[in-house]
Amino acid sequence: MRTIHRFKYIPLILLGIISTLLLLELVLFLSGQCLLWSRRKVQYSGVNSVQIACAGDSHTFGVGTSMQYSYPKQLEKLLNDNNPSQKFSVINLGIPGSSARLQFEGLKNFLDKNTAEFVMLLTGENSGPELETYNVANLRSIRFLKEIFSYMIEKNPLSPDIRKTTVKKEVYNDYMNHYLNKIRMLCLDKGSDLLLLSYYNRSYEIVEKFAERYDIPYFKFTENFKMIFESDDKTKYISPDISHMNHRGNKFFAEQLYGYLFLNQRYLDFAISPLLRKIHDGNFYRTNDEIKMAIEFGKAKIKENRDNPYDLIHLGHIYMEIGKYKSAKKFYLMGLVSSNYTDNNTIVSPIINWYLRKGRKQNALKICEEILLHNPENAIARYHYETFSPEMSDLK
């Protein structure tokens, strides 16, 4: 009887905990809004400059082209060319291969020392390795309770363990929600508006749902690119690794992004003019100094990061853009070897596609064989090998 008497207080205790959490959340929200208002008041008073921070992975950094033709830098040019009375500075915080956690840390380091009127985040990829170390301590309190109760309910030896088939997606969703929320709270604390972006070729449902939940603008580009892919040659916009945008793809991305910003002026609390002046292809690498600067910057990054495969591939893309194909091939091969023949499309595809663009299918087949010799699980090389092998047999 005493045991039953004790249990009757459990609902009251749980209600008290939930009420306390809700009250704390309300207090934090109101205090954050007051701080946001006061910081905006300081930022916009008499300052004729808008600073934008772009956080993300290799797609933001500009892998696939040189960094000055990444979409953040092209967006900066579009904003300044079309709004001569206003100065815009777009900061590229992209980190190749970075997870949502690393993007949060990079953004925090920047905002601790600088201000930004708003932050644009392109995220969702590269979080696979993080999930292995992401544990229950990172779950939000409500999700933690749900996991505990679900475990108790499903712990039935007579029923199939359905958790094994869903845990990966659930952990990924928890991981993304956790760090998206940390970035959201960071932006609130620093007085920056947050905007979320999709990739050019895919949209992550978890990011889109997070944007809906907190009423954050979500700019979805997949339909825009689908339109040009159906009407034009895909290779005009995509880098040789077939997974990033080249300088033209970044140009189109920046133009679409400008249009979204124009349509969301009320949310962003500043005015911009319609997009009338675009960047012409002739403006890419107009001078030898720009070419030299891009190459020297690439080489410095390689030296600084001790032959990081992403930096090697990136420099290869720059050489491809200016027509130095032999140099591009050299750095594509160096990047592949430096990665130890990793199963990463960004690193493996460029050298295979280099040979294909030259019409050298036999050489492409040989490089696939070399990759598979070092890494039999390499999915990219396996796919191409199985595609080319029948063709080569028919020729014989």
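Which residue forms a salt bridge with Arg101? Select Glu105: its closest approach to Arg101, N to O, is 3.1 Å. A salt bridge here is a side-chain nitrogen of Lys or Arg within 4 Å of a carboxyl oxygen of Asp or Glu. The model is predicted, so local features need pLDDT of at least 70 and side-chain atom pairs count only at pLDDT 80 or more, while totals for chains, interfaces and linings use all residues. Residues are numbered from 1 along each chain as its sequence is written, and side-chain values use heavy atoms, with hydrogens and water left out.

Glu105 and Arg101 are 4 residues apart in helix H5 (residues 100-111), about one turn of the helix. Helices (H or I, at least four residues) are DSSP runs, numbered from the N terminus. Glu105 is partly exposed at 33% relative accessibility, and Arg101 is partly exposed at 25%. Buried means under 20% relative accessible area, exposed over 50%, and partly exposed in between (1.4 Å probe, protein chains only).

Next, select helix H4 (residues 71-82), where Lys73 and Glu76 sit 3 residues apart. Their side chains meet in a salt bridge of 3.6 Å, N to O. Is Glu76 buried or exposed? Glu76 is buried, at 18%, whereas Lys73 is partly exposed, at 31%.

Stay in helix H4 and select Lys77 and Asp81, 4 residues apart. Their salt bridge spans 3.2 Å, N to O.

Last, select Lys108, Asp112 and Lys190, which are linked in a network of salt bridges. The count comes to 8 salt bridges.

Technical notes
Helices (H or I, at least four residues) and strands (E, at least two) are DSSP runs, numbered from the N terminus.
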